[in-house]
Each structure stands twice: as structure tokens, then as C-alpha cells.
Amino acid sequence: MLSFSVDSYYNQNMDLENHVVFGKPSNLNTKSTPLADNLSKIFEMDHKNNSNNSNNSQEVVKKPNHTEFYPNKTFTLIGKNIDLGIAPDKQVLVWTFNGTMPGPTIKVTEKENITVKFINQSPNPHTIHFHGYHDELNDGIGPMVLPGQTYLYNITGQPSGVLLYYCDVMPTSQHIKMGMYGALLIEPQRKITNLTPAKEFLMVLSEFNLEKQSSIIADYYLINGYADQYLHHPIEALQNELVRIYIVNAGVNSPISLHFHGTLIKDYPSGLWSNNYTIAQSVLIGPGDASIIEAKWSYPGNYLFHSHGYQQEHGSRGMIKISPNSGNFSSNTGFNNSQIGKQYELISKLQSTNVTPKSNNYTVSDSIHKNSFDLDSLLKRSLDNNTAYISIAQNSALPNNNIFYAPSTINISKGQEVKWTNSDSFIHTVTSGDPSSGGNGEFDSGTIAPKGSFTTIFMNEGEYSYYCVYHPWMFGSVIVK
């Protein structure tokens, strides 16, 4: 029997962008002895990991190898319990791989051998189960990796596409909903699908309950572990640029129907490049399944994407900002432009700081209303002539609500500033005009995300009516004297 610690055999270097550890194969013979000599579990001290701290012992769960295995890369995943933010001002205890939810994306090439070293620093037993091809010993059903133990998973990257990994300790749904999940991205060894270079993103969909994880209906339906993060930090691409999004549904109860405004999509079912694509309006992804989608946007603008139904009202929304193509961009660069590393950095930042996200300028506008700009009036503003506040009320997106803009009518002085704050859980606008005739161009907030705001200075006397483009039963007025 041979069991080995990869750290002892490799000179490792961290690739921060892909969050992986690379290793160079050694000349060591890794042949296993007959399986009859193996025990189902053998524990051995990892002296390398304990050389600096004799009080922090760590056991390596040893397992038999049926064949020779020379890993090209080693990925280290550490199980740990931690408090993370999943929404503005909402911090919860989660179970994680490497301190984020989802865990790091494991990115390999098809047929590449990898070792995933799992170090369990949490107080709970865990495993890692990978979707795809592998043998029984690396299936992640057993043995359970107990607190303080390490286990080596040896797998080969196949098939090409995007797959799920997660903890498979019972109750599995609890371990997944608590945060023990991530994406395995396997790039094709050969361009069997004639992949066109694209700007690439990853979306891992999941569910979270604040109190009872066994509940079928979740409190939050998250994209990359944080509610509505892409309303505040939109995905960006250029007009007619090919966008490729790898999508994994780590949820345990609900299929997700994901829709992207302003375009149709190519959908590679189950996230496998070997599958024929279809042209789709929305992509339906069951729990534990995946999809790869490709799309282009012909017109510049800000486009919503969301799951259809209950989920979009509980965290599963975002924006794609399509900028005009100046003519300097060519889609035939020959290389993919991966944004997955940057997405992981954003996840880490939002979950660790847990502050109300600052929206980009198209979701929180700071325009100045002016027909004739009166600089003297602006300079004479004082503490007696400060900001007036209007709240976009909770549940104002519902037509039977009693209040929408609060107050619905406000009286201010010439040169005074008005600030609208979105206190609802839905997106809204503050658009001058009325629903019957449409906007008149005086002022327009654009999309205001939940907790976002819009500020305008009124320099001229008069009465200004406004409404919400998304919910036209919402209207109000500002009277300037």
C-alpha cells in the first residue's frame, strides 16, 4: 500500500488568479501494493504540517490507490466555519471551503490529473464529492474527514464543461445550504466545439435559510454567495462581444429558470461541451445541474438578468452593462478573457466587509436637474436649505400597497436638493413625467437597486411629476417655490 502527502513531493507555487497550487511531477514511484494489504482507513501524522506547532496535530486519512497517479496540479481546500455577509447588513454563520461561499473555482484541463487536498479545520465532519468521472475511493461518500484530519482526492478532469463539487455528508442538503459547495471548471483538451474566444464569467446559484436549513423555501437565493451583488456591481461587456457564462445550480430544492434581458442565448445543457446547444429565451437548471450559455448584446445599455419567479425577489438578480463598441474591439483575439478571478475577489470583499454595496453610477444617479443653471442659488444653499428626503416605501412594487413614495408630494425651496432612497426589496426608478405619456427628460434616476439612492437639485420653480418606469402605479410630485 502506498499513501502519500503531495506537499512532500512537490515544490508548490500559488496562482492567485485561479486560486490553485501548481506542482511539478517527481520521479518517485507511486505504484500501490495489492489492495488486500490495504485497510479501509489508515491514519498517519502529517509531520510536515505539524513541524511548526506540535500542539496542532493533523491526521492524514490514507487510502489505497488502484493505479499509478501523477497529479499535474494540487488544489488545497480548507474546511472552516466562519461568519460571512450574504446581503447588505446581513451576516450569518456558514460552513465553507477556504472561507468563502461558494468555495474557490477549481480550474483544470480535460484529462489532467489533479489532487485536491482537503484539510478539515471545522468542528464538523465533511467530505468532497465531485461530479464527473472518478473511482469509488475518490467519490467523497466516505470516509468522513473528521475535524483535524486531511484527505487527498485524486481525480482526472473529465468530462469538459462546468460541474459541481460539494460536501456529501448527511444530511447533505444542510451541508450544501450552509456553504460547502463550489464549481469545477474543466476546459476542453481539444477544441471539439470550436470555442470562440469570449469574455467568461461564472455564476454559482444557491439557497440559504436564516434559521432552518431544512426548509424547502429559502430566505435567500444567491448568485455567487451574495444577494443581488450584480445589481450593485454589474457584469460588463462590449456591444456584440461574445459573453460566456458558466452556471452551476448548487441549490438543493428549486430548479432555476435564468433569463437575460435584451438577447437570446445559446444553452449547452448540463454544462457539458459535448452536448449540442439550443437557442433559448431562458435556461432551466435543476438542483445539482449546470449550463454553459453564450450570448451577445446588439445594443448598448443596462440589461437585467434574473431567475423567473419567487427567487428573483429574494436575491437572484443582476445587471449586465453593455458599452458601445468603439471599433477598437475585435472578438477574434484568439484568447478568452476570464473574469472569474475578479469575481472571486469581489465575493471575498463583499462577504468579509459586509457593508452596503456602493452602486455604480447607472444604478445610483447623482444628476442635477437644471433648465437654466442658477449658480448663485446653488452657492447660497445653507443649513436652512438642506436636503429633502423621500423614501421608496417597502412593498411599493405591489399595486395594492397603501404607500409608494413617502411623502408622495413634497414642497421645497428653489435650489434645494432632494434625495430618494430605495427602502424596498425591488428595483425602481424616479423618472420625470407620468405613466400615460412617458418620461419628459427633466430627470431620470435609471435603475435604483435596493438600498440605492438618487439625488437631484431643483433650480427652477414649478411642479415636477415623476413615476416609476417598472411600476407605473407609483407616482409623486415635487413642488418648488
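Where does isoleucine 216 lie?

Reply: This is a predicted model, in which local features need pLDDT of at least 70 and side-chain atom pairs count only at pLDDT 80 or more, whereas totals for chains, interfaces and linings use all residues. Residues are numbered from 1 along each chain as its sequence is written, and side-chain values use heavy atoms, with hydrogens and water left out.

Isoleucine 216 lies in the loop that runs between β13 (199–208) and β14 (220–223); strands here are DSSP runs of E with at least two residues, helices are runs of H or I with at least four, and both are numbered from the N terminus. Isoleucine 216 counts as exposed because its relative accessible area is 60%, where exposed means over 50%, buried under 20%, and partly exposed in between, with a 1.4 Å probe and protein chains only as cover.

Together with Ile217 and Tyr310, Ile216 forms a nonpolar patch on the surface, and the three share about 320 Å² of accessible area. Such areas come from the Shrake-Rupley method with a 1.4 Å probe, and for residues only the protein chains shown count as cover. A patch takes residues with over 30% relative accessible area and no salt bridge, joining like charges within 9 Å and nonpolar side chains (Val, Leu, Ile, Met, Phe, Trp, Tyr) within 5 Å; a salt bridge is a side-chain nitrogen of Lys or Arg within 4 Å of a carboxyl oxygen of Asp or Glu.

Leaving aside residues up to four places away in sequence, threonine 96 touches Ile78, Gly79, Lys80, Ile82, Leu84, Gly179 and Met180, contact meaning heavy atoms within 4.5 Å. The C-alpha atoms of threonine 96 and asparagine 81, which are 15 residues apart along the chain, are separated by 6.1 Å.

As for the chain as a whole, it has 6 helices and 33 strands, and buried residues make up 52% of its 481 residues. Of the contacts between residues at least 6 apart in sequence, 71% join residues at least 24 apart. The chain exposes about 21,600 Å², of which carbon and sulfur atoms supply 49%.
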